[in-house]
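Good morning, and thank you for coming. I should like to take you through the helices of one structure and then through the loops that join them. Please look at the display.

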Amino acid sequence: MLNSHVKNIVSSEKFKYLVVGGWNTVFGYFVTIALFYLLREDFNIVQIGILSNILGITMSFSTYKTFVFKTKGHWLKEYAKSYLVYGLSAIISIFLLWILIEILQLNIWVAQALSMTTTVVLSYIGHKNYTFKYIKTTSKEMKQFNLKNTKWNNIKFNFRKKILV
């Protein structure tokens, strides 16, 4: 019984999101450091930060798409949507940090932990319901669609047949 419970947890989308997110965080951390040491002579920290964010978001998008949400196709559309989710998360994170540090006088360690926890949850919700969302249809809906589509095709075929004859 415990084994099946653990199996259910490990195979859940939320668990996979946290594991893949952990990898993405480590990847982003080390990419930023590597780019800093490689590019600091020619680029400032803002430019390096922008580049590392692009690489980090691309990695995160790819791993969430492949291992967590497992959507097919629509790479560019979903990639663009992921930037909206990450952009909104960044704005919320910055706003939370400002409130927690400047107004509530929390230290950076606690403020960042609270901010990250909030943005992880919001990012998951955003990716699940926006970036990687697809309308799932039932077999009954597909049959109805096919029936309507078949009727329309018959009308077009009969119309063409009458014109050509």
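Let me begin with how helix packing is described: axes are lines fitted to C-alpha atoms, for helices over the stretch in contact, and angles run from 0 to 180 degrees between N-to-C directions. Helices (H or I, at least four residues) are DSSP runs, numbered from the N terminus. What you see is a predicted model, in which local features need pLDDT of at least 70 and side-chain atom pairs count only at pLDDT 80 or more, while totals for chains, interfaces and linings use all residues. Residues are numbered from 1 along each chain as its sequence is written, and side-chain values use heavy atoms, with hydrogens and water left out.

I turn to the pair H2 and H3. Helix H2 covers residues 13–39 and helix H3 covers residues 45–69; their axes are 9 Å apart and they pack at an angle of about 155°. H2 and H3 are therefore roughly antiparallel, a term for angles over 145 degrees. By class, their contact has 17 nonpolar residues, seven polar and two charged. Here Ala, Val, Leu, Ile, Met, Phe, Trp, Tyr, Cys and Pro count as nonpolar, Asp, Glu, Lys and Arg as charged, and the others, Gly among them, as polar.

Consider H2 by itself. It has 27 residues and reaches 37 Å from its first C-alpha to its last, close to the expected 39 Å; the expected span is 1.5 Å times one less than the number of residues. Which residues of H2 are buried? They are Tyr17, Val20, Gly21, Asn24, Gly28, Val31 and Leu35, where buried means under 20% relative accessible area, exposed over 50%, and partly exposed in between, with a 1.4 Å probe and protein chains only. These buried residues pack against H3 and against helix H5, residues 108–131.

The second pair is H4 and H5. These helices also pack at an angle of about 155°, with axes 9 Å apart. That makes H4 roughly antiparallel to H5. Their contact has 13 nonpolar, eleven polar and two charged residues.

H4 itself runs over residues 75–103, and its 29 residues should span 42 Å; the end C-alpha atoms are 41 Å apart, which agrees. The buried residues of H4 include charged ones by the classes above, Glu78 and Lys81.

Finally, the loops. Arg40 lies in the loop between H2 and H3 and is partly exposed, with a relative accessible area of 41%. Not counting residues up to four places away in sequence, Arg40 touches Leu35 and Ile48, contact meaning heavy atoms within 4.5 Å.

In the loop between H3 and H4 we find Lys70. Its phi is near 50°, a positive value in a residue other than glycine. At 46% relative accessibility, Lys70 counts as partly exposed.

Notes
Helix = DSSP H or I, 4+ residues; strand = E, 2+ residues; numbered from the N terminus. Parallel < 35°, antiparallel > 145°, perpendicular 65-115°, else oblique.
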